[in-house]
Amino acid sequence: EMLLGSPIFYGFDPANQLFTMFKVLGFPSRSQLSYLGSGYDQLVLPKGQMRATLRDKLPCLGEEGHDLLRRLLDWCPNSRISAAQALQHPYL
């Protein structure tokens, strides 16, 4: 967001913001939806991808920057990169 000067995932309410995240990050799997909290695992997701990718939004990051951002934004907290791991990432 500091690079863009605006929010990456702008939404006018929580549902809209989540949908904006889906459009950029892709739709999570059913098991990943369970990590979002109660009720989200019942969402009916559209088929296919409607992606404006992170590369489209932040072309200046390069391969390593996109790799780090993707790992930081993983839907599943158990597979998300930790702060300590992020500090060791080649992008930094």
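A pocket is an open set of grid points with protein on both sides within 12 Å along at least five of seven lines, and its lining residues have an atom within 4 Å of a point. The exercises below apply to a predicted model.

**Exercise 1.** Determine which residues line the largest pocket and how the lining divides by residue class.

*Solution.* Step 1: the largest pocket has a volume of about 190 Å³. Step 2: its lining consists of Glu1, Leu3, Ile8, Leu58, Leu61, Gly65, Leu68, Leu69, Leu72 and Tyr91. Step 3: these residues divide into 8 nonpolar, 1 polar and 1 charged. Gly counts as polar and Glu as charged.

**Exercise 2.** Identify the salt bridges of the structure and state how accessible their partners are.

*Solution.* Step 1: a search of the whole structure gives 2 salt bridges. Step 2: glutamate 63 pairs with arginine 55, with the closest N and O atoms 3.4 Å apart. Glutamate 63 is exposed at 58% relative accessible area, whereas arginine 55 is partly exposed at 42%. Step 3: aspartate 67 pairs with arginine 71, where the closest N and O atoms are 3.1 Å apart. Both lie in helix H4 (residues 62-72), 4 residues apart, about one turn of the helix. Aspartate 67 is partly exposed at 31%, and arginine 71 is partly exposed at 43%.

**Exercise 3.** Locate leucine 87 in the secondary structure and classify its accessibility.

*Solution.* Step 1: the chain has 5 helices and 0 strands. Step 2: leucine 87 belongs to helix H5 (residues 83-87). Step 3: its relative accessibility is 63%, so leucine 87 counts as exposed, the cut-off being over 50%. Step 4: together with Tyr91 and Leu92, Leu87 makes a nonpolar surface patch of about 350 Å².

Definitions and conventions:
Residues are numbered from 1 along each chain as its sequence is written. This is a predicted model: local features need pLDDT of at least 70, side-chain atom pairs count only at pLDDT 80 or more; totals for chains, interfaces and linings use all residues. Side-chain values use heavy atoms; hydrogens and water are left out. On a 1 Å grid over the protein atoms alone, a cavity is a set of points where a 1.4 Å probe fits but cannot get out, and a pocket is an open set with protein on both sides within 12 Å along at least five of seven lines; lining residues have an atom within 4 Å of a point. Grid points are joined across faces, edges and corners, and a volume is the space filled by probe spheres set on the points. Patches are made of residues with over 30% relative accessible area and no salt bridge: like charges are joined within 9 Å, nonpolar side chains (Val, Leu, Ile, Met, Phe, Trp, Tyr) within 5 Å. Accessible areas come from the Shrake-Rupley method with a 1.4 Å probe; for residues, only the protein chains shown count as cover. A salt bridge is a side-chain nitrogen of Lys or Arg within 4 Å of a carboxyl oxygen of Asp or Glu. Helices (H or I, at least four residues) and strands (E, at least two) are DSSP runs, numbered from the N terminus. Buried means under 20% relative accessible area, exposed over 50%, partly exposed in between (1.4 Å probe, protein chains only).
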